[in-house]
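Let us take a walk through this protein together.

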Amino acid sequence: MSDLERAGSPEATALLAEREHLRALLRLMPVGVYLVDAQGRLLESNPTAESIWGGPLPRVGLEGYGLYEGYWPGSGRRLEPHEWALARTLRDGQPVVNEEVELVAFDGARRTVLHSTTALKDAQGSIVGAVAVKVDITTRRQAEHAEAFLTEATRLLVESLDWESTLQAVARLATRQLADFCIIDVVGDDSELHRLVAAAREPAYQPLMAELLRHPPKVGSPSPLARVFQEGRPLLLPDISREQLGTIARTPEHLRAMEQMGPRACMAVPLSVGARRVGLLNFILATPGRSYTERELKYAEELARRVAFVVEHARLFREAQGALRARDTSLALLEAFLAASPVGMGFVDRELRYVLVNPVLATINGKPREEHLGHTVREVLWEQVEVTHVERLLRGVMERGEPLMNREGVVPARPGLPPRPVHSSYFPVKVDGETLGVGATVMDITEQKQVEEGLRFLAEATTRLSSSLDPRTTMESTVRVVAEHMADYCMLDVRSEDGQSLERVAAAARGADTQRVLEESRSLSPAPHPDSPTWRVLESGRAMLVTEVSETLPEDDTLDVRFRATLARLRPRSVMFVPLIARERTLGVLTVVSQDEARRYTERDLAFAEDVAWRAALAIDNARLFHQAERAVEARDEFVAIATHELRTPLSALSLQLTALQRSVDAGRLPTEEKLRKSLVTARRQTERLEQLVKHLLDVSRISTGGMALEPEEVDLSELVRWVVVRFEEKLAEAGCTAVVRADTPVVAKVDRLRVEQVVMNLLSNAMKYAPGQPVELQVERRGNLAVLGVRDFGPGISPEAQARIFERYQRATGQHARESLGLGLYVARQIARAHGGELNVESTPGQGAHFRLHLPLG
């Protein structure tokens with residue numbers, strides 16, 4: 001008994017009466033109604049609500065709303081407890097109106113409902129509960145889906161004469177809206193059913209569908225599907241049992257395949273046109289909670305009627321086609337030949353009326369085929385000034401009975417189309433000696449002329465590009481040649497020395513105004529950006545075609561203001577970005593631009609531009625190599641001068657020391673022990689320096705002649721590095737460097753000990769020279785079948801462009817060490833590494849030191 005009932009007061013009695021009145025009212029309402037308290041606990045509900053949910057509703061609060069199973073339409077995502085309309089209304093007080101949700105009731109039935117909720121508040125405005133209304137619109141939605149399905153299926157059926165692919169599309173549509181599986185069987189020429197389509201909603205079932213295609217119903221068998229076909233009456237199975245599957249299955253394999261589908265309900269409908277049955281349509285449901293009713297069966301019968309019409313129409317169409325094909329084989333072959341011919345072809349009768357015209361000739365004449373057939377040459381070509389000349393040629397061929405071959409002419413320009421050169425041939429068509437008319441072939445030779453012009457241009461461009469060995473002159477010639485022949489203006493950008501920006505080295509335009517804009521904007525090369533087409537082409541090495549440039553590009557806020565202003569003045573309409581590639585290196589990007597609204601670049605233009613760019617790149621690279629060769633000669637001469645100076649320096653110092661000692665001895669003044677020691681140390685150092693210089697020169701000579709011989713032996717590289725460091729202790733101290741050795745584990749390799757020592761000493765000497773006062777790290781480790789010796793300093797580092805050349809002969813550092821080396825140490829070191837089958841490389845970031853790694857095979 002409730003508190004109100006126990007109270008027994010008049011107020012309690014009145015409240016009880018109101019509640020009973022409310023309950024009676026709720027029982028009469030055709031929609032589901034729920035009343036909950038502020039915690040979401042159920043206070044009242046009506047029978048319609050319980051019917052929607054398939055049973056009594058649990059009296060749980062918001063925390064228990066996970067018991068309810070609902071899904072958002074469209075996405076199919078399940079509602080979280082806090083997403084139910086009641087939960088949201090109780091949380092924020094806002095009503096929810098007609099929110100569609102798909103429910104799975106407690107009895108497994110699936111329903112589509114509309115939710116509406118509103119909050120109940122007390123006099124102070126606090127939420128004390130909420131009311132929810134659910135309207136079951138399952139039947140309405142099913143009808144809407146079915147109607148939409150029929151509409152879409154009808155559209156598919158009438159849009160194409162390819163009936164087999166159309167039926168496959170209809171089956172796929174059915175699996176999205178009406179069924180989980182759809183199977184279509186069609187009667188063949190042998191009067192048996194053949195399974196044409198087996199489609200599944202889920203892609204994972206497609207292998208199973210392939211198995212079902214092998215088992216159509218057997219006409220005349222006791223199978224329920226065969227009876228549907230024979231009797232012409234539909235079959236509705238709202239609940240399929242395993243025994244019913246057994247009556248349908250033709251083989252054990254067929255039964256296993258159907259069991260894997262998990263069918264729960266099906267509809268089988270005959271495809272009939274009048275008394276003639278042409279096939280069978282089968283819909284199958286496997287989704288729990290879903291079944292078929294008489295309503296769905298009516299829709300299935302309507303679809304079957306439309307499908308049957310298409311199947312029968314296709315049969316009649318095939319028969320008609322066969323009859324026409326037998327009668328008109330020759331004409332069909334002629335039409336096919338004319339349609340496939342890349343040459344314009346046509347035939348005019350004795351009155352010069354077009355009887356046959358293929359698409360190519362219609363295109364050349366600038367009018368559809370329909371406007372040719374039955375019309376005279378003058379009516380079709382009246383816009384062309386040579387129409388009288390063409391008429392005279394055709395009549396002459398008919399009168400003389402002799403052909404006219406390969407007459408060159410020009411099709412006049414039309415709006416949007418330039419004039420086009422053509423080759424025309426005319427020949428009489430005779431039957432039994434009577435001339436029926438004239439046949440004509442017209443070949444558009446625009447492409448041929450363009451190729452000829454292109455070859456002339458390439459020949460001229462090659463001559464002009466190879467006329468200079470100066471890279472800058474060659475680049476300027478490139479843009480001028482391109483601008484003259486295929487662009488309104490052209491620009492050439494190359495990567496800067498540091499690789500971080502682009503430099504516009506040349507630009508040329510046909511018009512003086514555009515040329516002035518290009519000159520004024522010479523410094524506005526595209527900045528590095530992933531959206532910059534110039535940089536994308538530079539990085540990828542692949543050309544890019546922008547057939548039509550957006551007119552709003554100058555308004556793009558992501559571009560620099562000056563760059564946008566320049567674009568507005570240059571008015572690009574179609575652009576090609578072409579990389580200049582020579583010897584697998586991208587030297588720069590050629591930008592070819594059309595300002596003409598009527599000219600849009602095509603893939604053919606791009607291929608042509610790539611050919612020009614390749615020739616230009618080769619000419620530029622040849623000019624660059626020529627300058628490199630000149631610089632190499634200069635470097636050689638400088639090397640000879642430096643080598644002479646370097647060899648003379650220690651010899652002079654050594655000669656001075658020996659002369660001084662000789663004079664002291666001759667004068668009878670023997671030097672003190674300290675002075676003698678210093679003289680000997682100086683002489684020893686100069687001798688070592690001289691020895692090192694001579695050794696490098698000998699190594700270069702041996703490397704050049706292939707005479708460097710190795711004497712490999714088992715060497716512990718960790719011990720070798722520690723020994724070199726001990727030997728360099730005095731020099732390290734003089735340079736203010738501290739050696740940090742990480743070589744605790746023996747790493748044994750079969751190498752030439754003296755040569756490897758030479759490499760390590762060279763690397764250590766370089767570290768002391770370029771990073772004085774800084775620590776030097778030496779490391780030895782084993783990586784697979786390789787030994788890796790690393791020498792790392794913390795000096796100024798090496799720029800990216802210098803890293804590529806420091807291992808070349810005669811390449812020296814810049815700055816204060818420029819004349820302290822022959823530029824051979826790293827070259828010899830790398831050659832020693834490669835002679836061992838290894839490699840020497842460097843990693844360096846300017847300002848963060850350099851890390852040299854010597855890789856040697858262990859074997």
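The largest cavity has a volume of about 190 Å³. A cavity here is a set of points on a 1 Å grid over the protein atoms alone where a 1.4 Å probe fits but cannot get out, and lining residues have an atom within 4 Å of a point. The volume is the space filled by probe spheres set on the points, which are joined across faces, edges and corners.

Before going on, note that this is a predicted model: local features need pLDDT of at least 70, side-chain atom pairs count only at pLDDT 80 or more, and totals for chains, interfaces and linings use all residues. Residues are numbered from 1 along each chain as its sequence is written, and side-chain values use heavy atoms, leaving out hydrogens and water.

Now find helix H23, residues 717-727 (helices are DSSP runs of H or I with at least four residues, numbered from the N terminus). Leu717, Ser718, Leu720, Val721, Val724 and Val725 are buried there, meaning under 20% relative accessible area with a 1.4 Å probe, protein chains only, while exposed means over 50% and partly exposed lies in between. Seen down the axis of H23, the buried residues fall within an arc of 165° (taken from the directions from the axis to the C-beta atoms), so they line one face of the helix. On the other side, Val726 and Arg727 are exposed.

Conventions. Helices (H or I, at least four residues) and strands (E, at least two) are DSSP runs, numbered from the N terminus. On a 1 Å grid over the protein atoms alone, a cavity is a set of points where a 1.4 Å probe fits but cannot get out, and a pocket is an open set with protein on both sides within 12 Å along at least five of seven lines; lining residues have an atom within 4 Å of a point.
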